Amino acid sequence: MSTATERLQLPLPRPNVLELAPLYEVLRREAPITPVTTPAGDPAWLVTRHEEVRLLLGDKRFGRSHPEPERASRITTAAVQDGPTGEYETEEADHARMRRLLTPAFSAKRMRMLADHMDGLVQGYLDRLVAEHDASPDGVVDLHSGLAYPLPVAMICLLLGVPESDHELFGRLSERMANTTIGEEAHQAREEFFRYMIGLVETKRPQLGEDVISDLIRAQSEDASYDYAEMVRLCVGLLFAGHETTVNRIGLGLLFLLTERSRWEALVADPDGRVDAVVEEIMRLGAPGDLGLLRYAREDVSIAGVDIRRGDALVLSINAANRDAEVYSDPEAFNPDRPERTHLGFGHGAHFCIGASLARTELRVVFAALAHRLPGLRLAKDLDQLRVRTTLTGGVAELPVTWRSR
Amino acid sequence: MRVEVDLEKCVGAGQCVLAADDVFDQREEDGLVDLLDASPPEARSADVRHAAAVCPAAAILVRD
């Protein structure tokens, strides 16, 4: 163990929401697994190189639980990805059950079948934004509140069986739960979110429907080994992740496209032909949040010349791995035509994002529709003036845009 | 070209379906991979290899 003075303090300050701290480039080359102090003040390893991040994500010797949770390093003061979750002894079996229950509901085919429904929603949001634009004296509208936020919320509510009218409540709770600057209040928000979810679960129980939360309630009631609190935690996690992540990704994607005109014009020239590649590049380069995915070593492991001890915390920097020059040519450039077609934007291995197909479908529908309907779209504020969210999931709080009416 | 899938490894991510939906599908009951065509035509080689490369569980094996 090195001394505290030698440790880097996370998060590494970044120039803006689109770029990363330049230090990541040095770390990838010289110290791909390096000791750091987390924002919560505890020791951890920061992993920055693509090779090791991918390897560790696929290695079952690293998990989300901890052999002695009370002694585990904490990552942030937010109440999401802040420390260990789940039971150390049964983690793998619990995770396998969770995947088995959820995978069919989020399959690629089912998500594709929802694309037309999503497109209908997006066209409706755009109709409203266009009307608002035409009626507004300065012609500026907010795509964050008018499109980036409502679409993922509507879709996750539909899939989970959550009333969309609750969105202000769970939206506010999600925001507070992931906030890294409000200390204990984030954990209070998490408790409130749990109470909200228990209320919803018990309201649904007498009349279960064809939705994911109903499926989970059924599965939990039929399986004595499936803990009630565990099920509620999963429902909260799905509702949180099901909108937070995609809302931010739409925002960052739009900023990548609009801060350099040629990127937007390339998409506008052929929306249907270009959108898939654009979405993948947004998934690679978009870097909401400054940390990474959290793992704890289940046993002692030596990797890349570093000895990791059982129980050590690791922060796997997806952001840094996705810009590794050993894997990507001109890695900082936004280039949907790059030959490297894979990225770690949805993770890798057993915990690969269960909502990847949902998110991809949403992003494709959003960016294709925007390019078709608002080809003259531009940002109404400089990148540096946009309000940035102080949450673990990052992103911007506003997307002021305008366009010239045709 | 021969394709093999390992259901023990598959995590149901659906990446292969997005890459080549004429070769891979997901089973309705558990979302795991359903291999539709174990010897796809050579013209499908690039997409099938891409599917193997993006599989987060390394559950797809392609042989020439």
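Residues 1–5 of chain A have pLDDT under 50, and the model has 3 contacts beyond four places in sequence for them. Where pLDDT is low, the predicted coordinates should not be read in detail. This is a predicted model, and for chain A as a whole the mean pLDDT is 94, with 99% of its residues at 70 or more.

Chain A has an open sheet of 6 strands in the order S1-S2-S3-S9-S6-S4, and the pairing is mixed. At its edges stand strand S1 (8–9) and strand S4 (62–63) of chain A; each has a single partner strand, so one side of each is left without a neighbour in the sheet. For S1(A) the pairing with S2(A) is parallel, over 2 bridges, and A:Gln9 stands opposite A:Thr37 in S2(A).

Strand S2 of chain A, residues 33–37, also holds A:Thr34. Is A:Thr34 buried or partly exposed? It counts as partly exposed, because A:Thr34 has 18 C-beta neighbours inside 10 Å, while a buried residue needs 20 or more. Setting aside neighbours within four places in sequence, A:Thr34 is in contact with A:Leu8, A:Leu27, A:Trp45 and A:Leu46. The C-alpha atoms of A:Thr34 and A:Arg295 are separated by 15 Å, and the two residues are 261 apart along the chain.

Helix H2 (residues 50–57) of chain A lies across S2, strand S3 (43–47), S4, strand S6 (293–297) and strand S9 (313–316) of chain A. Relative to S9(A), H2 of chain A runs at about 120°.

The next topic is the nonpolar core. The largest one has 132 residues, and A:Leu314 and A:Val315 are among those with the most contacts inside it, as are A:Met177, A:Cys235, A:Val366 and A:Phe367. Helix H11 (residues 228–258) of chain A gives the most to this core, with 14 residues. Beyond four places in sequence, A:Val315 touches residues including A:Leu10, A:Ala44, A:Leu46, A:Val47 and A:Leu294. A:Leu46 is also one of the contacts of A:Thr34.

What remains is the contact between the chains, which takes 17 residues from chain B and 15 residues from chain A. On the side of chain B that touches chain A, helix H1 (15–19), strand S2 (24–26) and helix H2 (45–54) of chain B each supply at least two residues. H2(B) gives the most to this side, with 3 residues. By class, the side of chain B that touches chain A has 8 nonpolar, 5 polar and 4 charged residues.

Technical notes:
Residues numbered from 1 in each chain as written. Chains lettered and ligands numbered in written order. Predicted model: local features only at pLDDT ≥ 70, side-chain atom pairs only at ≥ 80, totals over all residues. Helix = DSSP H or I, 4+ residues; strand = E, 2+ residues; numbered from the N terminus. Buried ≥ 20, exposed ≤ 12 C-beta atoms within 10 Å, placed from the backbone. Contact = placed C-beta atoms within 7 Å. Nonpolar A, V, L, I, M, F, W, Y, C, P; charged D, E, K, R; others polar. pLDDT = per-residue confidence, 0-100. Pairing = 2+ DSSP bridges. Axes fitted to C-alpha atoms, helices over the stretch in contact; angles between N-to-C directions. Core = buried A, V, L, I, M, F, W, Y, C linked by C-beta atoms within 7 Å.
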